[in-house]
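Here is a short briefing on one protein model. Keep the sequence and the 3D view open while you read.

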Amino acid sequence: MQIDRYVSHSPADTERFARQLAQTLSAGDVVALCGGLGMGKTAFVRGLAQGLEVTGEVSSPTFALVHEHPGRLDLYHFDMYRVEGWDDLETTGYFDYLTKKGVLAIEWSENIEGALPVGFIRVTIELGETESQRIITVERGESSCVS
């Protein structure tokens, strides 16, 4: 398993790091984001979108559950905050998106831990030493938000 750590000092810094990560992604990749409220998950996805050459605004799909963004590689941005079981997960269309030739970015992925495919990329964002600092850990391979 490959693990990378990055210290971000601002939302723009987080976006810049995610933009670089996006350059390494391929069709079918699943990026599972973990982190509490306000940690910068949506900023990270905005950076992924920039790196995937998505045009248009990227915002959290909290109520829509998924936003589709065409780009060099299409980006399917999920928010699983309100998903509480397999029935909820199926209504999002998540399983159908796994077969598409784009990149899935999943906020609150810990809520669907058992449904993440083998080989997903785990991105954990945690508070650093200051209010604006974030520690971003990227793990490629099987890993979990839940300890």
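The model is predicted. Helix H2 spans residues 41–51 and is mostly covered. Glu53 and Trp108 each get attention for a positive phi.

- Nine of the eleven residues of H2 are buried.
- The buried residues are Lys41, Thr42, Ala43, Phe44, Val45, Gly47, Leu48, Ala49 and Gly51.
- These buried residues pack against helix H1 (11–22) and against strands S2 (30–34), S4, S5 (103–107), S6 (121–127) and S7 (134–140).
- Arg46 also lies in H2. Its relative accessible area is 30%, so Arg46 is partly exposed.
- After H2 comes Glu53, with a positive phi near 60°.

- Arg16 counts as partly exposed because its relative accessibility is 39%. Asp13 has 8% and counts as buried.
- Glu15 is buried, because its relative accessibility is 14%.
- Arg72 is partly exposed at 37% relative accessibility. Glu53 is exposed at 52%.

**Positive phi angles**

- Most residues other than glycine have a negative phi.
- Glu53 is not a glycine, yet its phi is positive, at about 60°. Its loop runs between H2 and strand S3 (66–69).
- Trp108 is another residue other than glycine with a positive phi, near 60°. Trp108 is placed in the loop between S5 and S6.
- Is Trp108 buried or exposed? Trp108 is buried, because its relative accessible area is 13%, which is under the 20% cut-off.
- Is Glu53 buried or exposed? Glu53 counts as exposed, because its relative accessibility is 52%, which is over the 50% cut-off.

**Tyr81 and its contacts**

- Tyr81 is placed in the loop between S4 and H3.
- Which residues does Tyr81 touch, not counting those up to four places away in sequence? Tyr81 touches Trp108 and Asn111.
- The C-alpha atoms of Tyr81 and Ser109 are separated by 8.1 Å, and the two residues are 28 residues apart along the chain.
- Tyr81 counts as partly exposed, because its relative accessibility is 40%.

**Phe78 in strand S4**

- Phe78 belongs to strand S4.
- Phe78 has a relative accessible area of 0%, so Phe78 is buried.
- Phe78 and Arg122 are 44 residues apart along the chain, and their C-alpha atoms are separated by 14 Å.

**A negative patch on the surface**

- Which residues gather in a patch of negative charge on the surface? They are Glu84, Asp87, Asp88 and Glu90.
- Glu84 has its place in the loop between strand S4 (75–79) and helix H3 (86–91).
- Glu84 is exposed, because its relative accessible area is 73%.

Note on methods:
Residues numbered from 1 in each chain as written. Predicted model: local features only at pLDDT ≥ 70, side-chain atom pairs only at ≥ 80, totals over all residues. Heavy atoms only, no water. Patch = residues over 30% accessible without salt bridge, like charges linked within 9 Å, V, L, I, M, F, W, Y side chains within 5 Å. Areas by Shrake-Rupley, 256 points an atom, 1.4 Å probe, with all protein chains shown as cover. Salt bridge = Lys/Arg side-chain N within 4 Å of Asp/Glu carboxyl O. Lys, Arg positive; Asp, Glu negative; His and termini not counted. Charge placed at Lys NZ, Arg CZ, Asp CG, Glu CD. Helix = DSSP H or I, 4+ residues; strand = E, 2+ residues; numbered from the N terminus. Buried < 20%, exposed > 50% of the residue type's maximum accessible area, 1.4 Å probe, protein only. Contact = heavy atoms within 4.5 Å.
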